[in-house]
Amino acid sequence: MQTTYVMIKPDGVQRGLVGEIVNRFERKGLQLVGMKSMIPDQTIARTHYAVHAERPFFEGLISFVTSGPVVCMAWRGVDAIAVARRLIGSTNGREADPGTIRGDYGMDMGYNMIHGSDGEDTAAAELALWFPEGVMEWTQDGQRWVYE
Ligand code: DAT
Ligand code: MG
């Protein structure tokens, strides 16, 4: 089992896509182990995107992600990190496959509605950053009908 960090960015919230996006993870069979909403401050945004600090788009990205509410989620399942990335689709919405979140709802690179951890190390670091209180440990009865 893996747990991955997924975040609906301010454009997704502003466009009223929270329900549509959450639905995709839920119906897929992933287990929700963390969910909250906040307006990120500079510190958490800069830490989250620190790997991109030297890129030309960095300041714009920080200003975007701190501009309004985001929805922070932790989703758990077998290979959850890669599964979430496939549900999300490639970075640029114009090129993302139809059927993916970015492919179905997005037309831009920066305004791409959603973040998903890209590996085990980043998932652990991002979960610790956004959920310092930890995630919920609970048994979802329906999970026994998700995996044979
Ligand atoms: P992803 O979100 O698909 O993991 P990433 O980690 O490479 O993509 O980049 C993080 C975010 O930064 C991405 O969701 C949108 C923004 N971004 C990336 N490359 C960009 C670019 N060339 N111009 C503008 N924004 C960019
Ligand atoms: Mg990334």
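This is a predicted model: local features need pLDDT of at least 70, side-chain atom pairs count only at pLDDT 80 or more; totals for chains, interfaces and linings use all residues.
Strands of a sheet pair through backbone hydrogen bonds, and the pairing can be parallel or antiparallel. In this model, four strands make up an open sheet, and their order is S2-S3-S1-S4. The pairing in this sheet is antiparallel. Strand S2 (31–38) and S4 are the edge strands; each has a single partner strand, so one side of each has no neighbour in the sheet. On average, and with direction ignored, neighbouring strands of the sheet are turned by 15 degrees against each other.

Strand S1 (residues 2–8) and strand S3 (residues 70–77) run antiparallel and are joined by seven bridges. Within this pair of strands, Ile 8 has Val 71 of S3 as its bridge partner. Helix H2 (residues 18–28) packs on the sheet, where it touches S1, S2, S3 and S4. The direction of H2 makes about 10 degrees with that of S3. Helix H5 (residues 80–88) also packs on the sheet, with contacts to S1, S3 and S4. For H5, the angle between its direction and that of S1 is about 30 degrees.

Lys 28 is a residue of helix H2. When residues up to four places away in sequence are not counted, Lys 28 touches Val 83 and Leu 87. The C-alpha atoms of Lys 28 and Ala 84 are separated by 9.5 Å, although the two residues are 56 residues apart along the chain.

In the whole structure, four salt bridges are found. One of the salt bridges is formed by Arg 24 and Asp 104, whose closest N and O atoms are 2.8 Å apart.

The largest pocket holds about 620 Å³ of space. Its lining consists of 25 residues, and those nearest the centre of the pocket are Lys 9, Tyr 49, His 52, Leu 61 and His 115. Two or more lining residues come from each of helix H3 (42–48), helix H4 (58–65), strand S4 (114–116) and helix H7 (120–130). H7 gives the most to this lining, with four residues. Sorted by class, the lining of the largest pocket has 11 polar, eight nonpolar and six charged residues.

Terms used
Residues are numbered from 1 along each chain as its sequence is written. Chains are lettered from A and ligands numbered from 1 in the order in which they are written. Side-chain values use heavy atoms; hydrogens and water are left out. On a 1 Å grid over the protein atoms alone, a cavity is a set of points where a 1.4 Å probe fits but cannot get out, and a pocket is an open set with protein on both sides within 12 Å along at least five of seven lines; lining residues have an atom within 4 Å of a point. Grid points are joined across faces, edges and corners, and a volume is the space filled by probe spheres set on the points. Ala, Val, Leu, Ile, Met, Phe, Trp, Tyr, Cys and Pro count as nonpolar, Asp, Glu, Lys and Arg as charged, and the others, Gly among them, as polar. Two strands pair if DSSP finds at least two bridges between them. Axes are lines fitted to C-alpha atoms, for helices over the stretch in contact, and angles run from 0 to 180 degrees between N-to-C directions. Contact means heavy atoms within 4.5 Å. A salt bridge is a side-chain nitrogen of Lys or Arg within 4 Å of a carboxyl oxygen of Asp or Glu.
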